Each structure stands twice: as C-alpha cells, then as structure tokens.
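Here is a short tour of one protein model, meant to be read with the 3D view open. Let's begin with a question and then look around.

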Amino acid sequence: MATPKEEPKLRQQYTIHQILDYMDCSLCYHLKNVKKLEPPAGTLVEDKNILYQECIQEAIRYYYLEHQQGKPPALKAVYDKFYSLWMDKTDTRERNSIFTRTLEEGGKHGREERSRYVTKGYETLQKFYAQNARKKQAILAVNHPYEIILDDISLVGEFELIREVMGKQSKRREIEIVTFQTTTRKADDDMLKRDLTLTAMHYAFYETFQTMPDNFILNYINREEELFITRDANEYKRMFSILTGFVQSVNTVDPFPRPGAHRRFSPYKEYCDNYRF
C-alpha cells in the first residue's frame with residue numbers, strides 16, 4: 001500500500017521590515033499587519049522623504065533592468081523616470097497648471113519644496129550614473145527574491161543587484177551583490193556590523209546559490225563611496241537568535257506600545273499614541 005504524500009508545510013512569511021517594525025513597536029506592527037488598518041489619511045503623502053527614497057530606488061531599478069536587456073538608458077531617461085515617479089507618488093502630475101494646482105503647491109514654499117527634492121534627486125542620479133558609466137559590468141539579476149526558512153516561518157527579501165565585474169586586483173570575473181544608500185551620513189561600524197538587513201542578505205545569498213559572493217557592497221551613492229560588507233558565523237547566529245525571539249513572541253504575546261517615543265518614522269504612530277486599551 002502506497003504511503004500518502006506528506007503535504008508541504010505551510011509557513012507564514014515575514015520580511016525584514018516587518019520584523020524591524022515589530023521590534024520598534026509591537027502595537028504598531030499589530031495595527032498594520034494583523035488589524036490591517038490603513039495609515040491615517042495623508043500620512044504617507046506628507047512624508048516626502050519616504051516618497052523620495054522610493055523614487056530613487058525605482059529609478060535605479062529601471063536603469064539596471066534596461067542595462068540587463070543590453071540597452072542601458074541615457075542619463076536623461078533616468079531623470080525622466082525619476083521625475084515621472086515623483087509626480088505620481090506626490091499626486092502632482094495633473095497639478096502643474098496654475099488652474100489645477102492647490103494653493104499650497106502654488107505658493108513659494110510648495111514650489112521650493114518640490115524643487116528641492118527634484119534637484120536633490122537629479123544630483124543623486126547623476127552621481128549614480130557616473131559611477132556606472134565607468135564600470136564594466138554584466139547585470140545578472142535585479143531585485144532577485146530570496147527566502148530563509150526557520151521552523152514555522154520563512155523570511156523573504158530581495159537582492160537589489162547581482163552583477164558580474166572584472167576584479168581590480170584579481171583580474172578575473174567576480175560576482176557582487178550591491179545594495180544602495182542615498183544618505184550622506186554613513187552608519188558607524190557597529191551599526192553596520194549588526195545591521196539585520198545586511199546579515200540576512202549575506203546569509204541568503206549562500207542559501208540561494210550555494211556559494212558566497214566575491215564582494216558584498218554597500219554603495220553610498222552621494223558619498224561616492226563603496227563599503228565591503230562581511231559577515232561571520234557568529235553574526236548568522238545572532239540573526240537566528242533574533243528571528244527565534246520574534247517567532248516565539250509575535251503570535252503569543254499581546255501587542256504592547258513602545259515605551260517612550262517611537263524612534264523611527266511610523267505612519268501608525270498616531271494610532272498607537274491614541275490607542276484605547
């Protein structure tokens with residue numbers, strides 16, 4: 001008699017961002033991911049910094065996807081992509097006319113704010129483009145998904161960029177994974193060493209491809225600086241200790257507000273601060 005096939009185990013998926021959200025404030029995490037509340041009206045639109053980062057990331061992704069197809073776009077095309085994304089995300093595409101834009105947008109402050117973000121975006125993308133124009137590279141994958149299995153959950157994420165380059169010292173082909181930062185302020189060494197997102201990406205590369213990358217690069221675009229990220233077995237164990245603690249508490253401990261003020265911007269802060277127990 002044939003033994004019935006065992007059904008594959010269903011695992012709940014989480015992202016690094018969700019885990020960091022939970023560690024920052026379990027109540028905000030609960031309201032967002034369990035209660036599925038929409039953020040307060042206008043919160044995301046008002047936080048232009050988040051929208052700006054998204055536009056830059058998507059413009060970079062556009063560049064590499066086109067490059068992967070053998071037709072790297074001109075700088076103007078990257079600019080245009082960024083500006084189009086900015087208008088869409090800030091809901092200003094149809095508001096350029098003096099007859100349709102709001103009073104706030106038509107005022108001096110609104111024009112200066114829009115000009116500041118757009119100018120900053122152009123400057124960042126110009127530096128990004130110059131770095132790539134002088135680099136011989138073959139784009140292997142853009143936003144390639146990964147998964148790390150841990151008991152009843154899986155941790156999912158993406159490699160922003162996997163590419164093949166000619167090593168400066170080795171004079172041979174090398175595989176790099178690259179992640180990007182647009183801030184001009186570099187994190188200190190301890191923060192970089194403990195960064196959970198970087199650790200997960202480093203570990204996941206081996207789990208996904210059964211080999212280690214030749215280089216793992218954190219590219220500070222505006223500083224025009226590349227940092228080489230390393231991880232060892234102890235950092236992997238640290239990551240799994242954090243993930244184990246998350247698994248043991250996320251569905252068993254009642255959600256609680258963060259003691260004191262929220263350290264990071266959260267669109268759910270307003271809900272958390274006004275929550276009735």
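Which residue forms a salt bridge with E58? It is K89, and the closest N and O atoms of the pair are 3.0 Å apart. Because E58 lies in helix α4 and K89 in helix α5, the bridge ties together parts that are 31 residues apart in sequence. The structure holds 14 salt bridges (a side-chain nitrogen of Lys or Arg within 4 Å of a carboxyl oxygen of Asp or Glu).

This is a predicted model, with local features needing pLDDT of at least 70 and side-chain atom pairs pLDDT 80 or more, while totals for chains, interfaces and linings use all residues. Residues are numbered from 1 along each chain as its sequence is written, and side-chain values use heavy atoms, without hydrogens and water.

Here are the helices mentioned in this report (DSSP runs of H or I, at least four residues):

| Helix | Residues |
|---|---|
| α1 | 16-24 |
| α2 | 26-34 |
| α4 | 48-68 |
| α5 | 75-89 |

Now to α1 and α2: they pack at an angle of about 135 degrees, with their axes (lines fitted to C-alpha atoms over the stretch in contact) 5 Å apart. Q18, D21, Y22 and D24 in α1 meet S26, Y29, K32 and N33 in α2, where contact means heavy atoms within 4.5 Å.

Conventions: Axes are lines fitted to C-alpha atoms, for helices over the stretch in contact, and angles run from 0 to 180 degrees between N-to-C directions. Helices (H or I, at least four residues) and strands (E, at least two) are DSSP runs, numbered from the N terminus.
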